[in-house]
Amino acid sequence: VSTFQFKDRRVALDDASQSESPLLAKALRIGVICNNASLDREHPDAAVGEPLEVALLQAGAKNDLFRSEITADMPEVREVAFETDTKMMATFHERNDGYYVAVKGAPEAVLDVCTRAYADTEESRDLSAEDREEWLSQNNALAGEGLRMLAVADKQVSASDADPYEDLILVGLVGLLDPPRQDVPDAIRDCQRAGIRLIMVTGDQPPTARNIGEAVGLIGDGASEAVVPGKELRSADSLSEEERRRMLQTTIFARVNPAQKLDIIDLHQSAGMRVAMTGDGVNDAPALKKADIGIAMGQRGTQVAQETADMVLTDDALSTIVVAVRQGRIIFENIRKFVVYLLSCNMSEILVVGVASVASAPLPITPLQILFLNLVTDVFPALALGVGEGDETVMEHPPRDPQEPIVRRRDWTRIGVYSILITASVLVTFGIALEALSMTTERSVTIGFLTLAFAQLWHVFNMRGIRSPILNNEITRNRWVWGALVLCVILLLLAAYVPFMQTILSTVDPGSTGWLLILGGSLAPLLAGQLGKFVISLYAEE
């Protein structure tokens, strides 16, 4: 709680005490007893309940007003719970002279049921139309400063079943300062760069919502965007095309009730959008369930909200959602790279054997050598791709289509081109060794096997993004890739030089000339792949 606005003056909570102002004492008392939160007197920060109600209890505690002490003299006999239709809450308390009714709620709602207002003393006077306009003007001014506004009122009745929202006496306005977390503006900018549209849906008044939206960068300072009140919302089917376009372009919705949140979600889903919704209260549960991704608050969220949601934020931070989106994109791209890499490697093995068989030529690789590649050298680079930290620009790309498969048409094209490049390199190298250099079949097969193996190892660098730098990219920065390459090179050297491995895999020492062939043949697909990426990057987006 930051500010109290009475008829003739504004009082900051930290600048005055209840002893200086009878109206301040009355407003604090209403905030404390018309309340469902609980506060530990010894540890005021350890409170349980809605943040707004906890703030009212803490404001009372600063002035030695505690609910248990007040209700000991005025026992609560009835509570009228807050409802979205009335936007108010009331409690009845028994006194010697009847029943005291304490009411708090939305300023416009409380003003509608008040017939009188307190002056600067305990006396009250009738509310005229001009008075109401003045109160609403003061409310809008405070809301425009970013304060969440409540009005408090009371009355004396003779029976506990009396209508709580009739002939009330307005005490004043209560302004609560709820500044956004420092990480919110940066998180919003990250979302906007990533093509994620953020919409503020709040129960606060339009001026408060606009102030907060400007403070966090959701809308520009002094922007002309309209803040749409919830009363203008209807189901998506009942909106005209012009109304639908206006609602879809709206960034801030204010004074929204739980049913209207469902309308907002339905509106955007009917436009083909995927909706993630954050919430913390019991009333948010239907919207959390309807959204494509329901995200509940882990700290202040109710158990109902957490059980309904798909995700729970343990720190209640918007920036955590951004981190989750980033990591999700990285994981998906890593899976895609993993699949493209393995399929292109395995297809090249099939083509090498298939082309050689069709040409009635000696096989450049034996079945056991293929098994060795599939079980050893293919696996480790692929696994390393799966744990990469991702492209630094991953949050600058638009969201992908949810219906998009892991392996797209362009990926199948890449798989085909890469496998043909590797196959051609292996067959040419094998042919040079066997025919041009007249090497023995066993040695030529060894050269073909090692050319294919090293070509597949170097092929991992073809998995970088089209827009990524050639030397400093998500693949070259992945220490697991380098570890996998070192391990696989050692295993291949063992296969070429250790006697029992030579016996099993039918390999021999390729010799210096053979290693030159292997090096040149295995690097050719990498160089061709990198050249192709460079050319494509000049004309197309990834």
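# Terms and values in this model

Visitor: Why does Thr 423 count as buried?

Guide: Thr 423 counts as buried because its relative accessibility is 5%, and a residue is buried under 20% relative accessible area, exposed over 50% and partly exposed in between, with a 1.4 Å probe and protein chains only. This is a predicted model, in which local features need pLDDT of at least 70 and side-chain atom pairs count only at pLDDT 80 or more, while totals for chains, interfaces and linings use all residues. Residues are numbered from 1 along each chain as its sequence is written, and side-chain values use heavy atoms, with hydrogens and water left out.

Visitor: Where does Thr 423 lie, and what does Thr 423 touch?

Guide: Thr 423 is part of helix α15, residues 409-436; helices are DSSP runs of H or I with at least four residues, strands are runs of E with at least two, and both are numbered from the N terminus. Leaving aside residues up to four places away in sequence, Thr 423 touches Ser 348, Leu 351 and Val 352, where contact means heavy atoms within 4.5 Å.

Visitor: What makes a set of residues a nonpolar core, and which members of the largest one touch the most other members?

Guide: A nonpolar core is a set of buried Ala, Val, Leu, Ile, Met, Phe, Trp, Tyr and Cys residues joined through side-chain atoms within 4.5 Å. The largest here has 44 residues, and Phe 372, Phe 449 and Leu 492 touch the most other members. Helices that each supply at least two residues of this core include α12 (318-358), α15, α17 (479-497) and α19 (511-537), and α16 gives the most, with nine residues. Beyond residues up to four places away in sequence, the contacts of Leu 492 include Phe 372, Phe 449, Ala 453 and Leu 457. Apart from this core lies another, of 31 residues, among them Phe 4, Ala 59, Met 74 and Val 152.

Visitor: How do you know that the buried residues of α7 line one face of the helix?

Guide: The buried residues of α7 (residues 206-216) are Thr 208, Ala 209, Ile 212, Gly 213 and Val 216. Seen down the axis of α7, they fall within an arc of 130°, so they line one face; the arc is that of the directions from the helix axis to the C-beta atoms. Their cover includes α5 (129-144), β10 (147-157), α6 (184-193), β12 (200-201) and β14.

Visitor: What makes β12 and β13 edge strands?

Guide: The open sheet has three strands in the order β12-β14-β13, with parallel pairing. β12 and β13 (228-229) stand at its edges because each has a single partner strand, so one side of each is left without a neighbour in the sheet. Two strands pair if DSSP finds at least two bridges between them, and β12 and β14 have two, in the parallel sense. Val 201 stands opposite Phe 253 in β14.

Visitor: How do you know that the protein is more spread out than a compact globule?

Guide: The protein has 19 helices and 17 strands. Its radius of gyration is 35 Å, well over the 24 Å that the globule rule gives for 542 residues, so the protein is more spread out than a compact globule. That radius is taken over C-alpha atoms, and the rule is 2.2 Å times the number of residues to the power 0.38. Along the principal axes, the C-alpha atoms fill a box of roughly 115 × 55 × 35 Å.
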